[in-house]
Amino acid sequence: MDQIMLGQGLLIICCVFYLIWWGVAFHPNHGYSHTSGIDGILLLITAAFGLTGLVLNMLGIIKTPPERGLVSGLVIIVAGIVTYIVLLYGSRIILHRQVTSELFLIIGWSMLEVASINRAIAWERVSIDRGIVFLIIVAVAAVLSLYFYLQYYEVKPMTGYFFGMVPLITEAISMGVFEFLTR
């Protein structure tokens with residue numbers, strides 16, 4: 001469980017750097033270069049924390065035998081893939097929204113959190129009741145993230161700039177609550 005918690009902590013730091021990068025690189029007056037100079041450095045720092053956090057989190061998740069926990073990891077993976085495909089096609093074909101990597105990140109993050117909560121229950125670090133509360137928090141964060149993701153291109157640039165920050169904030173807060181209440 002310690003690896004999961006360390007991974008979660010690094011992912012929170014990733015969200016902070018992602019938010020800083022977004023704040024600098026995507027400000028409406030900034031221009032279109034988002035990966036050079038200070039923008040590139042912030043993006044590399046973000047990626048380093050994110051990838052390290054993801055690897056540690058995943059290593060912690062796979063330490064538990066599949067038969068423990070509320071659901072199997074395969075169910076979580078299949079549910080995430082189906083959700084991603086439905087949202088990908090729904091947002092592209094039905095809503096005519098440009099699909100960006102954020103959709104993948106939102107769904108991937110949600111799957112990771114569900115798997116982490118599942119393992120916390122398996123290791124009896126949290127009760128099933130508390131685990132369900134965590135799952136509800138993740139679901140609310142995911143729905144808010146998806147809403148603001150879908151609205152990004154529908155609003156004025158400055159509003160979109162702030163809308164783009166919401167998923168990072170909700171996901172960092174969700175992981176922070178999980179981190180705090182499972183210690």
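The exercises below concern aromatic pairs, a helix and the nonpolar cores of one predicted model.

Residues are numbered from 1 along each chain as its sequence is written, and side-chain values use heavy atoms, with hydrogens and water left out. Because the model is predicted, local features need pLDDT of at least 70 and side-chain atom pairs count only at pLDDT 80 or more, whereas totals for chains, interfaces and linings use all residues.

**Exercise 1.** Determine how the rings of Tyr 84 and Phe 104 are arranged, and which helices they belong to.

*Solution.* Rings of Phe, Tyr and Trp (its six-membered ring) pair if their centres lie within 6.5 Å, with planes under 30 degrees apart counted as stacked, over 60 as edge-to-face and the rest as tilted. By this rule there are eleven aromatic pairs. For Tyr 84 and Phe 104 the centres are 5.8 Å apart and the planes stand at 90 degrees, so the pair is edge-to-face. Helices are DSSP runs (H or I, at least four residues), numbered from the N terminus. Tyr 84 belongs to helix α3 (residues 73-94) and Phe 104 to helix α4 (residues 101-122), so the pair ties together parts 20 residues apart in sequence.

**Exercise 2.** Classify Tyr 161 and Phe 162 as a ring pair, then by accessibility.

*Solution.* These two rings are edge-to-face, at 5.2 Å centre to centre and with 65 degrees between the planes. For accessibility, buried means under 20% relative accessible area, exposed over 50%, and partly exposed in between (1.4 Å probe, protein chains only). Tyr 161, at 8%, therefore counts as buried, while Phe 162, at 47%, counts as partly exposed.

**Exercise 3.** Compare the span of α4 with the expected one.

*Solution.* The expected span of a helix is 1.5 Å times one less than its number of residues. With 22 residues, α4 reaches 31 Å from its first C-alpha to its last, close to the 32 Å expected. After α4 comes Glu 124, whose phi is positive, near 60 degrees.

**Exercise 4.** Describe the largest nonpolar core and the place of Ile 117 in it.

*Solution.* A nonpolar core is a set of buried Ala, Val, Leu, Ile, Met, Phe, Trp, Tyr and Cys residues joined through side-chain atoms within 4.5 Å. The largest has 20 residues, of which Met 1, Ile 4, Ile 117 and Phe 178 touch the most other members. At least two residues each come from α1 (2-25), α4, α5 (128-151) and α7 (166-181), and α4 gives the most, with six. Leaving aside residues up to four places away in sequence, Ile 117 is in contact (heavy atoms within 4.5 Å) with Gly 131, Phe 134, Leu 135, Val 138 and Phe 178.
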